[in-house]
Amino acid sequence: MSDTRRKLTTIFCADVQDYTRLMGADEEGTLASLKRCREAMGRLIESHGGRVINTWGDGLIADFPSVVEAVRAAVDTQNELAGFNARRPADGRMLFRIGINLGDVIVEGDDIYGDGVNIAARLQASAAAGGIVISSSVYDQVRNKVTVGFEFLGPLMVKNVDEGVPSYAVKIGDAKDETPPAQRSGSARPQPQPQPAAVMAADTTEARPIPRGRRLYGVLAVIAAVLIGINLLSWQGVFWGRFPVLALAVVAALAWNRDQILFNRRITSLAILALGIAGINLFTWTGQFWAVWPILGIAAVMGLRWSMRR
């Protein structure tokens, strides 16, 4: 028992809605999608200071030292996965349900146990597909600190817990509340007022990253075309426009990397940087490929990051 201790932490629990049906329809495609979504979720959890504790089947459990960052990670996850699912047929979308609870847990090695974990799992099971449900202990900490709305769902009955756990649905983007009506009854706790329309509009915008990216690509393409046109119209034997066009191409690649969930973003950013350095070397060619050394260094960093992933 020397490795056993207790701590207060925020438990983040997630799984996939209708995972069995998806596996029955397309095992390989479902597993590939699960891997992509889980990598995106793990990256966002890490970026918000969390730690993935365990994965099993279609499930994932993590913990956070900050309640606010746990909710922000959940919101960012659902917004990013909404962009991924928007490109998939309706019957093939991978929709995660997320539950978050703040509680005292038993820590043994890298695992956590106790009622705090069980409550998070029960909250997750009650969430709508693509939605988030939090306990009242989480709500009390984040209600004035995150720009989302909340809907009070009433007490949630949990095994081995005598009293029901008051729970709230987090309202983000266009997520629809599919929580069964039976889970909303039996409570006199007041329902918080929804967030202003401006806040909800901002959340909806975040849930649709693809059109925003297309607008940015269009603006960059127009700027590149104008620069090339100026270079050609004022031609003096030097194609100086290649350098700003290369810089715009790197910006476009980084913008694409910000929204994609196919690859690890940090590793992809390093690869984009390496290509940019190679482009500078080619545009200033003097017979020596000096870019091989910085590219080798970047490749070493990429290899270390890949090997240290969980």
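N85 is buried, because its relative accessible area is 4%, under the 20% cut-off. The residue belongs to helix 3, which covers residues 67-86. The model described here is predicted. The chain contains 10 helices and 8 strands, and 42% of its 310 residues count as buried.

**Overall contacts and N85**

- Among contacts in the chain between residues at least 6 apart in sequence, 69% link residues at least 24 apart.
- Leaving aside residues up to four places away in sequence, N85 touches R93, M94 and L95.

**Strand 1 and its partners**

- Strand 1 comprises residues 4-16 and is joined by 13 bridges to strand 4, residues 96-108. These two strands run antiparallel.
- Within this pairing, I11 has N101 of strand 4 as its bridge partner.
- Strand 1 also pairs with strand 3, residues 59-64, in the antiparallel sense, and 5 bridges are found there.
- On the strand 3 side, I61 is the bridge partner of C13.
- In a regular strand, side chains alternate between the two faces of the sheet.

**The surroundings of F12**

- F12 is found in strand 1. F12 counts as buried because its relative accessibility is 0%.
- Not counting residues up to four places away in sequence, F12 touches M41, I45, L60, I61, A62, F64, A70, A73, A74, I98, G99 and I100.
- One of these contacts is A70. F12 and A70 are 58 residues apart in sequence, while their C-alpha atoms are 7.0 Å apart in space.

**Cysteines**

- A search of the whole structure for disulfides finds 0.
- A disulfide is a covalent bond between the sulfur atoms of two cysteines.
- C13 is buried, since its relative accessible area is 3%.
- C37 is likewise counted as buried, at 0% relative accessibility.

**Helix 2**

- Helix 2 runs over residues 27-47 and has 21 residues. At 1.5 Å a residue it should span 30 Å, and its end C-alpha atoms are 30 Å apart, so the two values agree.
- At the start of helix 2, a side-chain oxygen of D26 comes to within 3.0 Å of the backbone nitrogen of G29.
- The buried residues in helix 2 include T30, S33, L34, C37 and A40. Also buried in this helix are M41, G42, R43, L44 and I45.
- Just after helix 2, G49 adopts a positive phi of about 85°.

**Helix 4**

- Helix 4 has 12 residues, numbered 115-126. From its first C-alpha to its last it reaches 16 Å, close to the 16 Å expected at 1.5 Å a residue.
- In helix 4, the buried residues are G116, V117, I119, A120, L123, Q124 and S126.

**Aromatic pairs**

- In the whole structure, 5 aromatic pairs are found.
- One of them is formed by Y139 and F150, with an edge-to-face arrangement: the ring centres are 5.2 Å apart and the planes are at 80°.
- Y139 lies in helix 5, residues 136-142, and F150 lies in strand 7, residues 149-156, so this pair ties together parts that are 11 residues apart in sequence.
- Y139 is buried because its relative accessible area is 7%. F150 is buried as well, with a relative accessible area of 6%.
- F152 and Y168 form a tilted aromatic pair, 4.9 Å centre to centre with 45° between the planes.
- F152 is in strand 7 and Y168 is in strand 8, residues 165-171, so this pair ties together parts that are 16 residues apart in sequence.
- Both F152 and Y168 are buried.
- Through ring pairs, Y139, F150, F152 and Y168 are linked into a cluster.

Conventions
Residues are numbered from 1 along each chain as its sequence is written. This is a predicted model: local features need pLDDT of at least 70, side-chain atom pairs count only at pLDDT 80 or more; totals for chains, interfaces and linings use all residues. Side-chain values use heavy atoms; hydrogens and water are left out. A disulfide is a pair of cysteine sulfur atoms within 2.5 Å. Buried means under 20% relative accessible area, exposed over 50%, partly exposed in between (1.4 Å probe, protein chains only). Two strands pair if DSSP finds at least two bridges between them. Helices (H or I, at least four residues) and strands (E, at least two) are DSSP runs, numbered from the N terminus. The expected span of a helix is 1.5 Å times one less than its number of residues. A polar contact is a pair of N or O atoms within 3.5 Å; within protein, one must be able to donate a hydrogen and the other to accept it, and residues adjacent in sequence count only if both atoms are side-chain atoms. Rings of Phe, Tyr and Trp (its six-membered ring) pair if their centres lie within 6.5 Å; planes under 30 degrees apart count as stacked, over 60 as edge-to-face and the rest as tilted. Contact means heavy atoms within 4.5 Å.
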